[in-house]
Each structure stands twice: as structure tokens, then as C-alpha cells.
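Me: I have a structure to go through before I set anything up. Can you take some questions on it?

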Amino acid sequence: MQKLIDLYKEWSGAEPQHVEKLPGAGSNREYYRMTAADGTTVVGSVGTSRDENHAFVYLAKHFTEKHLPVPEVVVVSSDELRYIQTDLGSVSLFDAIRGGRQAGGRYTVKEQELLIRTIRQLPNMQINGAHGLDFSNCYPQPAFDSDSVLFDLNYFKYCFLKATELDFHELKLEADFRLLAKDLTSPDDEQGFLYRDFQARNVMMDVEGNPFFIDFQGGRKGPYYYDVASFIWQASAKYPHKVRRELVYEYYNALKQYTDVPAPHAFVDRLSLFVLFRLLQVLGAYGFRGYFERKAHFIESIPPAIQNLRELLDERNFPYPYLMSLLNRLTQMPQFQQIETMASRADGYKTTDKNPYKVHPQDGPATFSKYDAQGPLVVRVFSFSFTKGIPEDESGNGGGYVFDCRSTHNPGRYEPYKQLTGLDEPVIRFLEDDGEILTFLDSVYKLADAHVRRYIQRGFTSLMFCFGCTGGQHRSVYSAQHLAEHIHQKFGIEVRICHREQNITQTLPAAG
């Protein structure tokens with residue numbers, strides 16, 4: 001890092017007053033926020049690949065000259081292993097839309113507006129950014145071609161498909177892979193700048209909500225469909241298909257301002273092919289990072305990616321018979337089955353057209369999903385007295401968790417609290433000062449958070465938590481109320497509270 005500090009001093013005339021290492025990205029580059037005496041900041045980067053750094057520096061300078069929303073590189077070391085760029089802040093689009101993602105795809109109007117602003121800016125990057133660009137500077141290759149497609153498809157085969165132990169005919173699969181690669185690299189597609197890793201983590205938001213693009217060093221010459229599929233069908237984002245429909249529509253209309261575009265139906269048909277490829281590509285990456293490197297985050301991303309693939313196969317008939325048969329078998333494997341429709345469809349939109357790809361300008365945005373919404377997850381939280389029995393489950397799903405609060409200190413044993421409940425301030429103070437209930441709930445929160453998150457991912461619509469104590473008045477009421485508020489605040493979903501013995505009900509509505 002000292003060489004980076006020396007580079008900063010060479011550029012600014014003084015050493016930084018403070019240096020903070022930033023969280024690592026997917027590459028081997030390291031980033032540092034460097035603060036001057038007057039409080040201004042820049043971001044320094046240290047990499048191990050000169051070629052990769054050269055690609056970023058070249059592209060950043062080119063895009064800056066085109067007045068595109070990217071960081072400006074202010075100084076580069078002579079060996080190109082270090083450079084300093086303007087600081088775009090700490091809030092990525094991924095961070096800014098976290099609430100909608102954690103709520104299983106229930107994005108607020110504000111979050112959707114940020115997504116729309118970003119997708120509208122993409123054609124500017126792809127088309128204007130390609131003008132005058134010397135693609136020989138790109139890394140690791142200058143263009144999207146059949147070799148790179150086959151590499152990614154075989155990555156899917158070896159790192160994901162084989163790990164599932166699904167039996168398949170390798171020669172037949174390779175034959176369809178070659179056909180798919182040929183179709184994806186058609187010379188008829190307009191070639192622009194293909195970002196390649198265009199996703200919410202690589203978009204920074206300024207204070208006014210304007211997007212700026214980072215981490216484009218893997219870009220190359222290629223068709224613009226790829227980035228649209230990469231962004232809108234990102235598995236972990238859980239964009240509901242109404243939002244996807246809107247984003248495709250916004251992108252299509254923005255693209256028309258920069259170049260001639262195919263008719264809507266032809267555009268959507270072509271885009272669907274890249275969606276298929278992108279889904280296989282990311283499953284390969286998830287398989288390697290999850291199954292082989294044992295990284296839980298990537299394993300958790302597999303079910304929503306499989307769900308995206310399942311929906312695509314249900315809606316589209318691609319001309320690769322063996323591959324389609326194999327993928328249908330893959331999505332039907334027991335470990336990938338989802339009993340209910342994904343919660344990310346919970347936007348109330350219903351497709352009535354028999355062809356969900358049918359697009360006309362007067363119809364609004366194109367869609368890739370025809371599933372009817374089944375409703376988002378609703379959590380019900382009860383307090384009760386064990387002497388009167390455990391609350392019945394009205395959803396027909398068999399109930400959920402039942403927690404026994406009787407191991408904690410009981411305020412009901414003391415006269416000042418006998419006429420009060422766990423909702424009253426004196427009881428709350430008693431329980432929290434004593435502390436036993438807080439230790440008890442700390443474990444409950446961890447268990448509940450994991451369960452709610454998985455229910456959202458799997459598209460379930462009902463989950464039940466029950467807290468029992470002796471009278472259903474103090475400890476159970478306190479615990480139920482606090483868990484309900486915790487879940488509502490963290491996930492933004494609807495939570496229904498019932499303090500049964502107190503005859504008190506409350507609904508905390510879903511956010512947005």
C-alpha cells in the first residue's frame with residue numbers, strides 16, 4: 001500500500017490524512033478510500049494484473065471523454081498496477097434497493113425509479129461508449145465470440161450440472177451447446193460495448209439518485225442484449241415480472257434514442273436467448289462458488305436462479321431439443337422444487353395473453369412471466385397461555401414455531417404488574433432491566449431471520465410464530481410484539497399480531 005500512498009503524494013503534493021481499506025470485490029484488486037486534509041476523498045486501487053488495470057484505465061478515460069457516468073482516473077503508476085480515481089461514495093444500487101430485495105421482490109416506487117434511471121442510462125454506455133473505442137485494449141479478450149460462449153456453457157456443465165448428479169448424454173449436450181453458441185454470436189446483431197458484469201453492485205448512486213458505472217474492466221465488443229439479461233434477470237435481485245416488464249420497456253425506448261432497433265417482438269425474442277444463456281452462465285458460477293468453494297451466499301442464490309430458468313422454460317420453446325429436455329429435468333429435481341409461486345411475483349400482475357412475449361408499443365413493457373401472483377409472505381405472531389392451549393393454525397400449513405417463555409423471570413409474580421401486560425412500559429422496563437428475556441429473544445431473532453429469509457426465497461406465503469407463558473399476559477406478549485416489530489422492520493413484509501388472551505390484534509402492513 002505504501003506505493004499507492006506515494007502515488008497519491010506525487011499527484012496531490014501531500015500524503016493522505018487517512019486511508020481506509022474498502023470491502024473487497026470479486027477480483028483480486030484492493031481498494032482504499034484516501035482522505036486529504038480538507039476532507040476531499042479519492043479511491044485508490046492496487047491490482048496484480050497489469051492487463052486488467054490497463055483495460056479499466058483505458059476504458060475509464062475513453063468513457064470520461066464521452067461524458068459518460070463513470071469515475072475519472074486522475075493518476076496511474078508507471079507500471080499500471082496502481083491508479084487513483086474519483087470517489088463515487090459508498091452507496092451502490094444494490095444497497096439502495098436492499099429493502100425490496102429483502103421483502104422478496106416488493107420494491108417501492110422510489111426503488112423502482114432508481115432501477116429505471118439505471119436501465120435508461122445503459123444504452124448511452126453501450127452505443128455512445130463504443131464510438132471510437134479501441135477494443136484491442138479490452139481484457140481478457142476484445143470481443144464476445146463463440147469460444148467465450150462455449151467456455152461459459154461448459155462451466156455450467158462441469159461446475160453445476162455434474163454436481164447435481166443428473167444423468168445426461170454429453171455428446172448430445174455438446175451439440176446443442178454449439179448450436180446455441182452459433183445463434184448467440186449471429187453477425188446480424190449490432191455490436192456495441194458489452195459491459196459483461198452489469199449488475200446492481202456495479203452501479204453507484206449519487207445523493208440525487210443518479211447512477212454511475214464501475215467495474216467495467218471485463219467489457220468487450222458485443223451485442224447489447226447480454227447486459228439487459230444480466231441486469232434484469234439477476235437471480236438474487238428477485239425482481240417481480242411486472243418490474244422486469246417495465247425495465248425491458250424502458251430500456252427498449254431508451255435504446256431507440258441511440259440506434260435503430262428491431263420491432264418489439266423481434267427484440268424480445270432475441271433477448272430471451274441471452275436470458276437463457278445468462279441463466280446457465282450464472283448457475284455455473286454459483287455451482288463453482290457454492291458447491292466447490294463452499295460459499296453459502298452462492299448456494300442460497302441457486303433456488304431463485306432455478307426459478308428464473310423454470311419460468312423461462314415454461315414460456316419459451318428454444319430450438320435445442322436435448323438441452324431443453326435436460327433443463328426441464330434439472331428444474332424438476334427434488335432439491336430445486338418450490339411448492340408455491342415465488343414471492344417475487346407478488347405484485348398483483350396477471351398475464352391473460354396466451355403469448356406472454358407478445359409486445360405492442362400500446363401495450364406497454366414486454367414481459368417474460370405468465371405466473372399469476374399467489375401473494376407475498378405474511379407472518380402471524382401469537383402470544384398465548386399454555387393453560388389454554390397452543391393457537392390453531394388457520395392457514396392449513398401445519399403451524400410453525402412455538403417458543404416457551406416460562407424460563408424467564410415472570411413480572412406477573414409481583415403486585416405492581418399483575419394488572420398490566422407486556423405492552424405496558426413498566427412491564428417492558430422490568431423485563432429489559434432483568435435481561436433474561438433479551439438473551440432469550442436474541443436466539444429467537446437469529447432463528448426467525450433465517451426462516452423468514454428462506455420462506456421469502458422459496459415463495460411461501462404463510463409463517464407462524466407463537467410465544468407461550470403461564471397467563472399469556474406479560475412475557476409472551478412482550479416477546480410476540482418485539483419479534484413482530486423486528487421482522488416487519490427488517491424484511492418489510494406484512495406481520496399480523498394476535499395477543500390471544502388479551503383479545504388484542506394488530507397488522508403491520510407491508511412496506512411500499
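Me: Which hand does the crossing of H5 and H9 have?
Reply: This is a predicted model. In it, H5 passes H9 in a right-handed crossing. The two axes come within 9 Å and cross at roughly 35 degrees.

Me: Which residues make that contact?
Reply: From H5, the list includes Leu115, Ile116, Ile119, Arg120 and Leu122. From H9, Val243, Leu247, Glu250 and Tyr251 are among them.

Me: How do the contact residues divide into nonpolar, polar and charged?
Reply: The contact of H5 with H9 has 11 nonpolar, two polar and three charged residues.

Me: Is Glu80 buried or exposed?
Reply: Glu80 is buried, because its relative accessibility is 14% and the cut-off for buried is under 20%. Glu165, at 74%, counts as exposed.

Me: What about H10: how many of its residues are buried?
Reply: 21 of the 29 residues of H10 are buried, so the helix is mostly covered. The end C-alpha atoms of H10 are 41 Å apart, which agrees with the 42 Å its 29 residues should span at 1.5 Å a residue. Just after H10, Arg294 takes a positive phi of about 60 degrees.

Me: Now aromatics. How many pairs are there?
Reply: The count comes to 35 aromatic pairs. One of them is Tyr8 with Trp11, which is edge-to-face at 5.7 Å centre to centre and 70 degrees between the planes. Tyr8 and Trp11 are three residues apart in H1, so about one helical turn separates them. Tyr8 is buried at 4% relative accessibility, while Trp11 is partly exposed at 37%.

Me: What kind of pair do Phe403 and Phe467 form?
Reply: That pair is stacked, because the ring centres are 5.2 Å apart and the planes are at 25 degrees. Phe403 lies in E11 and Phe467 in E12, so the pair ties together parts 64 residues apart in sequence. Phe403 is buried at 12% relative accessibility, and Phe467 is buried at 0%.

Me: Which residues do ring pairs link into a cluster?
Reply: The cluster includes Phe56, Phe63, Tyr83, Tyr107, Phe193 and Tyr239.

Technical notes
Residues numbered from 1 in each chain as written. Predicted model: local features only at pLDDT ≥ 70, side-chain atom pairs only at ≥ 80, totals over all residues. Heavy atoms only, no water. Buried < 20%, exposed > 50% of the residue type's maximum accessible area, 1.4 Å probe, protein only. Axes fitted to C-alpha atoms, helices over the stretch in contact; angles between N-to-C directions. Helix = DSSP H or I, 4+ residues; strand = E, 2+ residues; numbered from the N terminus. Left-handed = near helix turned anticlockwise from the far one by under 90°. Contact = heavy atoms within 4.5 Å. Nonpolar A, V, L, I, M, F, W, Y, C, P; charged D, E, K, R; others polar. Expected span 1.5 Å × (residues − 1). Phe/Tyr/Trp six-rings, centres within 6.5 Å; stacked < 30°, edge-to-face > 60°.
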